[in-house]
Amino acid sequence: MKNYKGYALLSLFSAGVALAITFMLKASVGLGPFDAVIQSISLLSGIRIGTVSMMLNLSCVIGQLIILKKDFGFNRFLQIPLSILIGILVNYFYYNLFASVEFNSYALSLIVFILGLVLAVFSVSMVMVLNLVTFPIESLCMALTKKIPLKFAVIRQIADILFVVISVALTIIFGLVPSVREGTIIGMLIFGPLMGFFIEKVHPVLTKRGIIEEIRI
C-alpha cells in the first residue's frame, strides 16, 4: 500500500490532536471556539466530551453530504473514522489516563494550555500537509462556499463567532463552568500564524522524504 506512511502519520497526529485537547481541557483556562461548544454541551448533557465531539463532527459530515450530494467524494468519508478516533481518544485520555491530573497553580495551568495549543497546531498542520482528509468543520465551511457567496476564511470566522456565542449563552443560561476564557482568546490570536509557520517547516521535510509524493500518486 503506497499510502501506508501517510495513513500512519494521519493516525499518529490525530492522536496528537486528541492529546492536545485533553491538555487544554485539564488546564481549565478556556478552549477554542468549537471545543468550547463541545465542552458546554457535555457539561449540560452529561455526555462525555469525546462523544459530543464525535456527534458534532459527524453532523458536519452529514451537512456536507446534504450540500454536496453527488459531489461528496470518497475522501470525505475518511472524516468519519477520523472523528470517531479523535473522540474515542479524547474520552480515554481525559477520563482514564489523565483522570486524576489537576493543576492548582494558574501559572502551571497556563503553561499546560500553551503546550497543548502548540501540540494541537502542530498536529493539525501535519494532517493538513498530508492532505489525506480535512477536519469536518473546515470541510463543512468549505462546502458552504458553494452555496453562500462568501470566502472560506469569512465563513470559518463566522462559525467561530457563532460557537463562542453559543458557548457563552449556554454558560450564562444554565450556570455552567465557563469554556470561553483567556485561553480562547490566546488560541484565536496565535493558532493561524503558528499553523502557517509549522506548515512552512513541515512541508519540505515530508516532500524530501517522499511521503507527500506517495500520497498524491
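Start by selecting cysteine 60: buried or exposed? Cysteine 60 counts as buried because its relative accessibility is 7% (buried is under 20% relative accessible area, exposed over 50%, partly exposed in between, with a 1.4 Å probe and protein chains only).

A word on ground rules: this is a predicted model, where local features need pLDDT of at least 70, side-chain atom pairs count only at pLDDT 80 or more, and totals for chains, interfaces and linings use all residues. Residues are numbered from 1 along each chain as its sequence is written, and side-chain values use heavy atoms, leaving out hydrogens and water.

Next, hop to serine 139 in helix H7, residues 136-144 (helices are DSSP runs of H or I, at least four residues, numbered from the N terminus). Serine 139 is buried at 3% relative accessibility. Leaving aside residues up to four places away in sequence, serine 139 touches Gln64, Arg76, Gln79 and Thr134 (contact means heavy atoms within 4.5 Å).

Last, select two loop residues. Serine 28 lies between helix H1 (4-27) and helix H2 (33-45), and has a positive phi of about 60°. Lysine 69 lies between helix H3 (49-68) and helix H4 (74-77), with phi near 55°. Why flag that? Because most residues other than glycine have a negative phi. Serine 28 is partly exposed at 43% relative accessibility, while lysine 69 is exposed at 57%.
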